[in-house]
Amino acid sequence: QVQLVESGGGLVQAGGSLRVSCVASGRTFSSYAMGWFRQAPGKEREFVATISGSGGNPYHADSVKGRFTISRDDAKNTVFLQMNSLKPEDTAVYSCNVRIKTPQVYDYWGQGTQVTVSS
């Protein structure tokens, strides 16, 4: 049974930093891409970043490039999102995702962690 649990969210002032993490369990994830999405109040879920299996090909949305960094530690079954220079518009629920091809594509999601950036 695949389970993803996010943590590390909270309240931070604009310009500050925060690191959210996502611990995965249920199987080996080193060969699967993982990512972060966010959803702000009244808005659709937005792609933030993705990272390939074993840490290759990190990619970040234009809105967070230069400020956010995705990484993973497969020994700990964990993916991280380091968020620097936070802006009020970054306020959202941040959820992690793993995409597993079985060989059909199937996405698993965590419950999300709230990040609130005050101005």
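Where is Gly 53 found? Keep that question in mind while we look at the whole chain. This is a predicted model, in which local features need pLDDT of at least 70, side-chain atom pairs count only at pLDDT 80 or more, and totals for chains, interfaces and linings use all residues. Residues are numbered from 1 along each chain as its sequence is written, and side-chain values use heavy atoms, leaving out hydrogens and water.

**View 1. The whole chain is built from strands.** You'll count 11 strands and zero helices here (these are DSSP runs numbered from the N terminus: H or I of at least four residues for helices, E of at least two for strands). The radius of gyration is 14 Å, close to the 14 Å that the globule rule gives for 119 residues, so the chain is as compact as a globular protein of that length (the radius is taken over C-alpha atoms, and the rule is 2.2 Å times the number of residues to the power 0.38). The C-alpha trace spans about 45 × 25 × 25 Å along its principal axes.

**View 2. The largest nonpolar core has 30 residues.** Such a core is a set of buried Ala, Val, Leu, Ile, Met, Phe, Trp, Tyr and Cys residues joined through side-chain atoms within 4.5 Å; buried means under 20% relative accessible area, exposed over 50%, and partly exposed in between, using a 1.4 Å probe and protein chains only. Trp 36, Leu 81, Met 83 and Tyr 94 have the most contacts inside this core. Strand β9 gives the largest share, five residues. In soluble globular proteins, nonpolar side chains tend to be buried together.

View 3. Contact means heavy atoms within 4.5 Å.

**View 4. Ser 95 sits in strand β9 (residues 92-101).** At 11% relative accessibility, Ser 95 counts as buried. Beyond its neighbours within four places in sequence, Ser 95 is in contact with Glu 6, Trp 36, Phe 37 and Trp 109, among others.

**View 5. Back to Gly 53, in the loop between β5 and β6.** Gly 53 is partly exposed, with a relative accessible area of 25%. Not counting residues up to four places away in sequence, Gly 53 touches Ser 30, Ser 31, Tyr 32, Ala 33 and Arg 72. Gly 53 and Ser 63 are 10 residues apart in sequence, yet 23 Å apart in space, C-alpha to C-alpha.
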